[in-house]
There are 2 protein chains.
Amino acid sequence: MLMSELSRRSDVPVATIKFYLREGLLAPGTATAATRAEYDDSHLRRLRLIRSLLEIGEVPLASIRKILDAVDSEAVGLHDMLGTVQYALGPHVEAEPADRLEVGRLITELGWQVSPDAPGRDLLAVTLAALRRSGSAPSGASLRDYAEAMSRLARREVAGLATIDAAPDRMALAESAVVGMVLHERVLIALHRLAQEDASASRYSRT
Amino acid sequence: MLMSELSRRSDVPVATIKFYLREGLLAPGTATAATRAEYDDSHLRRLRLIRSLLEIGEVPLASIRKILDAVDSEAVGLHDMLGTVQYALGPHVEAEPADRLEVGRLITELGWQVSPDAPGRDLLAVTLAALRRSGSAPSGASLRDYAEAMSRLARREVAGLATIDAAPDRMALAESAVVGMVLHERVLIALHRLAQEDASASRYSRT
């Protein structure tokens, strides 16, 4: 397809597509004349990936670049690629050693295999410390309930990925894994906000 | 306390505190001399709230201003205040009508009380549409499982809020509710990422 069709089908303006091409986020098309190039489904898929990360995931362009580098590198296995995605996602915070230790104990207790420098450890530790300061930290039992709910969902998501092992190529699989990883988080956030509204409506709407 | 102590205890630089004062995000202290003012625990609490929203919640300053306006307005009930927080949080996306309809059906099926213009509806609709395009959308049954897990967590969180009805003042309660709302979401995100790493480690680390 020509760039105009790529723009129409991806709902991304031509100027933005040209920007992604210049920045190397999108591979060049196949030149068919001095000023014409053909694009295919891989370009469409890549554009949708970029737009999903940017608009729904609110992932900054610099982090998207790191994620796409991992997607494009044949040498990176899927587990390490998912790790790269996690490192690229914010917020980037640094926890106090005591708070990190507490999270480490929780992870050990849960029997989770999580690398010692996973950024989720710091995010959890900083967040729990802030909740404690405001007097609304979840109890240890609540936290384990949360963790077990998240574990069930994550296992289901990763199992879902396995079914696309038969995907036409590594790139399609890698892209789908990235989309799944970032967007399942947004599904959770959206459902959690809707559930909070419902819970608050039941509890507070009369006050 | 003087501003220097407020800075030390909140871990926010003096220049930043002065910026928040100028911007009206923080109430002025009590003047004790031409160039001296006294600050109290309410200032410390407010600074911690701003920093938590900014650094952990990644909420932009313009949205924090809207949230604080709702916190400060005596006329706003807790349910409406939580609504304001939800509207202030991103990402702000607009879904296709057909996708919105599908989310509406899910909410009806779940029996949730959610306002027709809740932004979580659009976020969920847009995210599910993007997942569908990448071939990794959760099934209807999975989605209901996610929703029920989120509902249990949200009810617990809102019930936790109720126990601080005995809080010294409305402001402390409102601030704690805001912190709880935004940070519980981050607890979920952090646990979900850690759980994804664990699930991926079990499934993929040998590939």
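What share of the contacts in chain A with a separation of 6 or more comes from residues 24 or more positions apart? In this predicted model, such residues account for 60% of those contacts. Chain A comprises 9 helices and 2 strands, and its elements follow the order α-α-β-β-α-α-α-α-α-α-α from the N terminus. Along the principal axes, the C-alpha atoms of chain A occupy a box of roughly 65 × 45 × 30 Å. Of the 207 residues in chain A, 51% are buried.

Within chain A, helix α3 (residues 41–56) packs against helix α9 (residues 170–204) at an angle of about 20 degrees, and the two axes lie 10 Å apart. An angle under 35 degrees counts as roughly parallel, and α3(A) and α9(A) are therefore roughly parallel to each other. The crossing in which α3(A) passes α9(A) is left-handed. On the α3(A) side, the contact is formed by Arg45(A), Arg46(A), Leu49(A), Ser52(A), Leu53(A) and Ile56(A). These residues meet Met171(A), Ala172(A), Glu175(A), Val178(A), Val179(A), Val182(A), Leu183(A) and Arg186(A) in α9(A). Classified by residue type, the contact of α3(A) with α9(A) contains 9 nonpolar, 1 polar and 4 charged residues.

Helix α9 of chain A also includes Arg170(A). Arg170(A) is partly exposed, its relative accessible area being 24%. When residues up to four places away in sequence are not counted, Arg170(A) touches Ala70(A), Val71(A), Ser73(A), Glu74(A), Val76(A) and Met81(A). Between Arg170(A) and Asp198(A), the separation is 28 residues in sequence and 41 Å in space, C-alpha to C-alpha.

The relation between the two chains was examined next. Chain B is superposed on chain A by a rotation of 180 degrees with 0.0 Å of shift along its axis, giving an RMSD of 0.0 Å. This is the relation of a two-fold axis. The same surface serves both copies, as 100% of the contact residues of chain B recur in chain A. Among the residues of chain B, Ala149(B) comes closest to the rotation axis, with its C-alpha at 3.3 Å.

Helix α9(A) also packs against a helix of the other chain, namely α7 (residues 119–133) of chain B, at an angle of about 155 degrees and with the axes 9 Å apart. Angles over 145 degrees count as roughly antiparallel, and α9(A) and α7(B) are therefore roughly antiparallel to each other. Their crossing is left-handed. From α9(A), the contact draws on Val179(A), Gly180(A), Leu183(A), His184(A), Arg186(A), Val187(A), Ile189(A), Ala190(A), Leu191(A), Arg193(A) and Leu194(A). The partners in α7(B) are Gly120(B), Arg121(B), Leu123(B), Leu124(B), Thr127(B), Leu128(B), Ala130(B) and Leu131(B). The contact of α9(A) with α7(B) has 12 nonpolar, 4 polar and 3 charged residues.

In chain B, the axes of helix α3 (residues 41–56) and helix α4 (residues 61–72) come within 10 Å and cross at roughly 140 degrees. This makes α3(B) oblique to α4(B), and α3(B) passes α4(B) in a right-handed crossing. In this contact, Arg46(B), Leu49(B), Ile50(B), Leu53(B) and Leu54(B) in α3(B) meet Leu61(B), Ile64(B), Ile67(B), Leu68(B), Val71(B) and Asp72(B) in α4(B). The contact of α3(B) with α4(B) comprises 9 nonpolar, no polar and 2 charged residues.

Note on methods. Residues are numbered from 1 along each chain as its sequence is written. Chains are lettered from A and ligands numbered from 1 in the order in which they are written. This is a predicted model: local features need pLDDT of at least 70, side-chain atom pairs count only at pLDDT 80 or more; totals for chains, interfaces and linings use all residues. Side-chain values use heavy atoms; hydrogens and water are left out. Axes are lines fitted to C-alpha atoms, for helices over the stretch in contact, and angles run from 0 to 180 degrees between N-to-C directions. Helices (H or I, at least four residues) and strands (E, at least two) are DSSP runs, numbered from the N terminus. Angles under 35 degrees count as roughly parallel, over 145 as roughly antiparallel, 65 to 115 as roughly perpendicular and the rest as oblique. A crossing is left-handed if the near helix is turned anticlockwise from the far one by less than a right angle, and right-handed if clockwise. Contact means heavy atoms within 4.5 Å. Ala, Val, Leu, Ile, Met, Phe, Trp, Tyr, Cys and Pro count as nonpolar, Asp, Glu, Lys and Arg as charged, and the others, Gly among them, as polar. Copies are superposed by least squares on the C-alpha atoms of residues with pLDDT of at least 70 in both. Buried means under 20% relative accessible area, exposed over 50%, partly exposed in between (1.4 Å probe, protein chains only).
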